[in-house]
Amino acid sequence: MDPVFDKLLHIERSAEKILKDAEKEKASLIQQHGREMDALDKACEEETRRQIEEQHALLKEDIARELSSLRENTDKAVAALQKSYDDNHADWAEAITARILS
């Protein structure tokens, strides 16, 4: 064969090998990128879950404090109403009776 033709054939085969190797490398990089994205997604999901749990715990604490405050205020209001009733029920009963009878 002609040495120029042999050289061109060698160059073409080398170019084909380079292209095949590049395709393999591309596929490998795509897989690696996919694994890295999966790891990043997992890390983001975990961090998001952790933050949600943290916020949930803080909200539960706030609700517990608010509920305790509401109970305390309700207990005070009930105690005040009970004291008012205890102190005044006889007078109220007399006033109602007097109003009915008059």
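Reader: Is Glu 47 buried, partly exposed or exposed?
Author: Glu 47 is partly exposed, because its relative accessible area is 33%. Keep in mind that this is a predicted model.

Reader: Which side chain does Glu 47 meet in a salt bridge?
Author: That of Arg 50, at 2.5 Å, N to O. Both lie in helix α1, three residues apart, about one turn of the helix.

Reader: How many salt bridges does a search of the whole structure find?
Author: Eight. Among them, Asp 62 pairs with Arg 65 at 2.3 Å, and Lys 83 pairs with Asp 87 at 2.7 Å. Glu 46, Arg 49 and Glu 53 are linked in a network of salt bridges.

Reader: New topic. What end-to-end distance should helix α1 have, and what does the model give?
Author: Its 99 residues, 3-101, should span 147 Å at 1.5 Å a residue; the end C-alpha atoms are 136 Å apart, which agrees.

Reader: Where does α1 bend?
Author: At Asn 88, by about 60°.

Reader: And which residues make the nonpolar surface patch?
Author: Tyr 85, Trp 92, Ile 96, Ile 100 and Leu 101 make a patch of about 610 Å².

Reader: Is Trp 92 buried, partly exposed or exposed?
Author: Trp 92 has 43% relative accessibility, so it counts as partly exposed.

Key
Residues are numbered from 1 along each chain as its sequence is written. This is a predicted model: local features need pLDDT of at least 70, side-chain atom pairs count only at pLDDT 80 or more; totals for chains, interfaces and linings use all residues. Side-chain values use heavy atoms; hydrogens and water are left out. Helices (H or I, at least four residues) and strands (E, at least two) are DSSP runs, numbered from the N terminus. The expected span of a helix is 1.5 Å times one less than its number of residues. The bend at a residue is the angle between axes fitted to the seven residues ending there and the seven starting there. Patches are made of residues with over 30% relative accessible area and no salt bridge: like charges are joined within 9 Å, nonpolar side chains (Val, Leu, Ile, Met, Phe, Trp, Tyr) within 5 Å. Accessible areas come from the Shrake-Rupley method with a 1.4 Å probe; for residues, only the protein chains shown count as cover. A salt bridge is a side-chain nitrogen of Lys or Arg within 4 Å of a carboxyl oxygen of Asp or Glu. Buried means under 20% relative accessible area, exposed over 50%, partly exposed in between (1.4 Å probe, protein chains only).
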